[in-house]
Amino acid sequence: MDPRRAIVLLCAFIPLCASDSGRSRSFVLEPYDFLFDAAVEAYYKGDWLSVILNMEKALKNKATVRRVKAQCRLSCANQTAYGDQLPGLGVPIPGVGSLEDLGFFQKILKRADCVNSCETEKLGSPTLHQVTEDVQLEFSKRTPYNYLQVAYFKINKLNKAVAAANTFFQANPDHIEMKQNLDYYRMMAGVQEEDFKDLEARTHMAEFLLGKSYYSDDSFGLAAEHFEAAVNEYFTADTECRALCEGAYKYDGYNYMEYSADLFQTITDHYLQILNCKQHCAVELASNAGKDKPFEDFLPSHFNYLQFSYYNSEKYEPAIECAKTYLLFHPNDEVMNQNLAYYSAILGEDKAQSISAREVVKQYIRHSLLEKELLYFGYEAFGITFVDPDTWTPEDTMPKKLREKQKAEREAAARITEEIGNLMKEIETLVEEKKKDSSDLSRITGLQEGVSLLPDGIKVTMTAQQLNGTQRVLLDGVVGEDECKELQRLSNAASLKGDGYSGKPSPHSPSETFQGLTVLKAVKLGQEGKVPLKSARLFFDLSDKVRKMVASYFQLDVPLYFSYSHLVCRSAISEKQEDREDLSHPVHADNCLLVSEMNECVKEPPAYTHRDYSAVLYLNDDFEGGDFFFTKLDAKTVTAELRPQCGRVVGFGAGKENPHGVRAVTRGQRCAVALWFTLDPAHEEKERIQAQEMLTMFSTPVNEEFIKKETTETKEMKSDPPPPADQVTSEDNQDDKPEEHRPDTSAETQADKPDASPKDKAKAKPVSKTKTKAHPKEKTKAGEKKTASKKAAAKKDGKQTPAKQAEKKNAKSAAKKTVKFDAKKDSGKVKTDSQNGREEL
């Protein structure tokens, strides 16, 4: 048993738990990693109340541990500060070192005892709340809120579900399914806009973003209020961040048992690591959840915004104070110096001279520069790397030798980069020549790829080369007209509206209805006599025929298993076709999450990463629109487009090499059999195994003879029986599983409802820089045209130069920096597609 669990259990039965020092406490704070594990376990049992109870408590306890550690370290630092010397110190004693050393270590020992006693009293044993890096990563990615949004949705607490979903999405803006969840929540009755909260928003960042919002709306008074609050909260957060850096030493690059430094080297290593962490607080506080990069020059930018907000509010004294404070960071900034001169002229030089920069910022800069000097000394003397996170650090802070060394390294890196670029060009030229030499041979052999392995009568209409991609094929003549019509009749007789989408009839486009039918459902309906059993068997057999052709054409040397089978039809809603611009199915890939903005496809859950191949068997062509198309990873550049028709099959690899979509169906009904395959038997479609057993059970000697006669032509195509039924799980049992999901997230169908299983900028960039001598300089909104005689000219980093004409001092700047937000997975267990086909959120 984990010793930490033993402590928690012991204290659950003993009213008072005493520490080693004799202090007693009435409780032990439960470790948040235990609570997280308990919540995840409850999630897979469908115990939603336990999920909420444990996960909320885990979040609360984690915040408590952070707060207590910061408070204890700050409190003990104040009690044992390195101030005046102790009486009697200052006289060295030969042979034993100075008394100052003893006084220094006396302070160290007292502070260590203070911190240890404080944390033990409030949290318990020092090892009780140590967690693994994996758990830390889950919380940093806000995974608990993914679980919570499902649990709250299940118990119909929509406002809490929305808040949890939005909190997760803020840190994971490229999470496609959570975005769909939020879109779905917005359409639900009873959900308010104020429910979309960020429960993990940090106060200083929230105030800063509010200030920028008001600043962009010319509400300078409100902007100044929020920027001032942001500054105060920034220094509070910075103090806490620095205190939390004073933790255990991290043995980067080697095992702690191999570490053998002496006393002073050990102290040096640890202290420089802490200073590095404290310097990095500037980056952490400038970072916003879900954004790629931190805000540039974050703290100085507060005073940039403040000086111009106060100027526009005609408050010249605070404007001068903020301008002087900004100049502490960038003393040679020409534009800000012009601003300061203009403000001083308006207020009066004598009065302006008496206003000084903010003392808290002066202390912050002095403290930070001293840390940088120590870190650069450690870099130069011991080779302990330090990368300065600030842009405002004076150049002479870095030692001259180190500056010269880094300059030489940068020049060497530039040369190497250039040489590599030239080499890559040469390689590309050689590759192009090789392709050119082999192009004729490719054209000769391309059409013959896989043909000899396919049954007679089946035509390879287009190969991968003709489809402008890889792992693609278009086949014709796979099934006949009568079989197509029978499957279409089966769909219209038995399919459910919005199958796999909680019955939502238009899950992909409001201009179409969607219906679907699984193999198992078809067989069950055949058993009940509601549809011809022969039709259900045809659905089963033809889909297996397609599987064998895919395996044959792509010449797979391992078995290919079904992952999911779905008979689907999309029907145009005639009165909703006017001015239609959407797709019947958006562009996607079948086993990875397509991020088209980055030309990437991320192969990790919640994508169906086990899918290896896909195929679509088309059943008709008597409709308008509905063409299937392939694209590049940008989801825009179409590489091939195919027209559905009876008996046509498009087969392709399910990965990033084949993004695809479906054009809008503008008239009629488009029907097809959508199939996904896997090479992993662990993900074989369980419903299909159950359907086969039922078909075997229903077969009598009479209809066995009928089947034998009817399938003589395709007997060669029959597959080996699926694995035994010990893997089968009943449909009723699966309906209540916590990890419900739709079957068709990627190919022909994809739901936009909240995902029922957890899955896993704001950049204020300068727009332009134009300088004038007579007017306040400020960021110019893109596209705006303002007259220079009355408005502030734009400056790259947001600073504004006020006009020197006093009679125009009331003129407001209409050109400012606009804030643009570029809204850019942890998952539960990987789900079988057959489970995901059932009704979900």
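Buried means under 20% relative accessible area, exposed means over 50%, and partly exposed lies in between (1.4 Å probe, protein chains only). Cys322, for instance, is buried, with a relative accessible area of 0%. This is a predicted model, where local features need pLDDT of at least 70, side-chain atom pairs count only at pLDDT 80 or more, and totals for chains, interfaces and linings use all residues. Residues are numbered from 1 along each chain as its sequence is written, and side-chain values use heavy atoms, leaving out hydrogens and water.

**View 1. Cys72 and Cys118 are joined by a disulfide.** A disulfide here is a pair of cysteine sulfur atoms within 2.5 Å, and the structure holds seven. In this one, S to S is 1.9 Å. The pair links distant parts of the chain, 46 residues apart: Cys72 sits in helix H3 (residues 48-79) and Cys118 in helix H4 (residues 99-123). Helices (H or I, at least four residues) and strands (E, at least two) are DSSP runs, numbered from the N terminus. With -70° about the S-S bond, the link is left-handed, and both cysteines are buried.

**View 2. Cys484 and Cys646 form another disulfide, with S to S 2.1 Å.** Cys484 belongs to helix H18 (residues 481-494), while Cys646 lies in the loop between strand S14 (638-642) and strand S15 (649-653), 162 residues apart. The torsion about their S-S bond is about 95°, so this disulfide is right-handed. Cys484 is buried at 1% relative accessible area, and Cys646 is buried at 18%.

**View 3. A disulfide joins Cys592 to Cys601.** Here S to S is 2.0 Å. Its torsion is about 95°, so the disulfide is right-handed. Both Cys592 and Cys601 are buried.
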